[in-house]
Amino acid sequence: MKLLLNLLRIIVGVLFIFSGLVKANDPLGLSYKMEEFFEVLHMTFLSPYSLAYSIIMNTAEIALGAALLLGFRMRIVSILLLIMITFFTFLTGYALYSGEIKECGCFGDCIKLTASQTFWKDVVLLVMILILFLYNKRIKPLFGKQLNFILLIVSIVFAGGIQWYTLEHLPIVDCLGYKVGNNIPEKMKLPPGARPAEYETVLIYEKDGQQKEFTAENYPWSDSTWVFVDRRDKLVREAEGEAPVKDFILTDADGVNQTQAILAEPTPVYLFLVKNVKEAGKGWDAKMKALQEQFKAGKVYIYGVTASSKEDISAFTAAHGLQFPFVQMDGTAIKTAGRSNPCLILLEKGTIKGKWHYNDIP
């Protein structure tokens, strides 16, 4: 039993620390995933606090994993671990059986797990933690009480510090399709062996108060007693694999697609990503105005990229003295491309040569 408990303690502790560290590398990414869960669970009133929850959860995972490895306060630690894994198992089970969420983000964007893999991983962890909870009195501290406490505080400070750094700069490891060195046109292609999702058109007709679904091949087009009600697309086959870069579509003020022209431009192109101009961070004005001088001299191109309205863009450019054009892109694609608001990306013929948080614009 002692050998089993020590083995389980190491496995669970290391997994919790690893999971917390991977997500601490990109707490904003986890907050976006939380917002998705809140929306599905009709709890959108919690969305404004998603980043705070993300930071707290990542810190808790790392701290509890460290406490478990140290054997520190095992009764309370085992209870907290059991509560956390039960909550995680509920969420991943909901994601799996509802089909409304494809990925839970348990290991961030660096390690992709399907809903099924994530759920069964949590079930196995739940069993392990339940054993640790039942036999927590047999787990002895690794060091003395004072040293264990100091090491636990160090783990909490480290978890908070790494998240502060990534929020003030950018993720230390970029696991998304927009990392430096990637060619966007190449990353927009499906990987080998992948295929898109397949949908079937469903036509809904009504007769004698009863509604019935038909396909495009067998709907009662010649029977006037059937009355058309609605049409929808039904998922027939899930997609297998997906392009690392999705929804990268840039349109100008008139709705004209400028994506290919911008990606093919041989002159260096800066994309100034501002998902929501009303929520843009501060302190970047002087740096962008210096870069704007290069734009005026014809040395580079600069495009603002936003999901905000034309009226908000006009007010934003006037307030900050920006004289380069803005194009629009889907907000989800913008926050995926740049984990800060604003974020600056340098492109050369579609290849990302640089990416900077607004605090680090050169």
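The model is predicted, so local features need pLDDT of at least 70 and side-chain atom pairs count only at pLDDT 80 or more, whereas totals for chains, interfaces and linings use all residues. Residues are numbered from 1 along each chain as its sequence is written, and side-chain values use heavy atoms, with hydrogens and water left out.

**Transmembrane annotation**

- An unreviewed UniProt entry places the feature "transmembrane region" at residues 48–72, 79–97, 117–135 and 147–165; UniProt positions are given in the numbering used here, feature names are shortened, and annotations may be inferred rather than shown by experiment.
- Residues 117–135 are 95% helix and 0% strand, with end C-alpha atoms 28 Å apart; helices (H or I, at least four residues) and strands (E, at least two) are DSSP runs, numbered from the N terminus.
- Residues 147–165 are 100% helix and 0% strand, and the end C-alpha atoms of this span lie 27 Å apart.

**Second largest pocket**

- The second largest pocket holds about 540 Å³ of space, a volume being the space filled by probe spheres set on grid points that are joined across faces, edges and corners.
- Of the 29 residues that line this pocket, Met34, Met57, Phe87, Phe88 and Leu91 are the closest to its centre.
- A pocket is an open set of points on a 1 Å grid over the protein atoms alone, where a 1.4 Å probe fits, with protein on both sides within 12 Å along at least five of seven lines; lining residues have an atom within 4 Å of a point.
- At least two lining residues come from each of α1 (2–24), α2 (27–40), α3 (50–70), α4 (74–98) and α5 (115–134), and α4 provides the largest share, 7 residues.
- The lining comprises 21 nonpolar, 3 polar and 5 charged residues, where Ala, Val, Leu, Ile, Met, Phe, Trp, Tyr, Cys and Pro count as nonpolar, Asp, Glu, Lys and Arg as charged, and the others, Gly among them, as polar.

**Cysteines**

- Cys110 and Cys175 form a disulfide, S to S 1.8 Å, under the criterion of a pair of cysteine sulfur atoms within 2.5 Å.
- Cys110 lies in the loop between α4 and α5 and Cys175 in the loop between α6 (145–168) and α7 (184–187), so the pair ties together parts 65 residues apart in sequence.
- The disulfide is right-handed because the torsion about its S-S bond is about 75 degrees.
- Cys110 is partly exposed at 35% relative accessible area, and Cys175 is partly exposed at 29%; buried means under 20%, exposed over 50%, and partly exposed in between (1.4 Å probe, protein chains only).
- Cys343 is buried at 1% relative accessibility, and its sulfur is 15 Å from the closest cysteine sulfur, in Cys175, too far for a bond.
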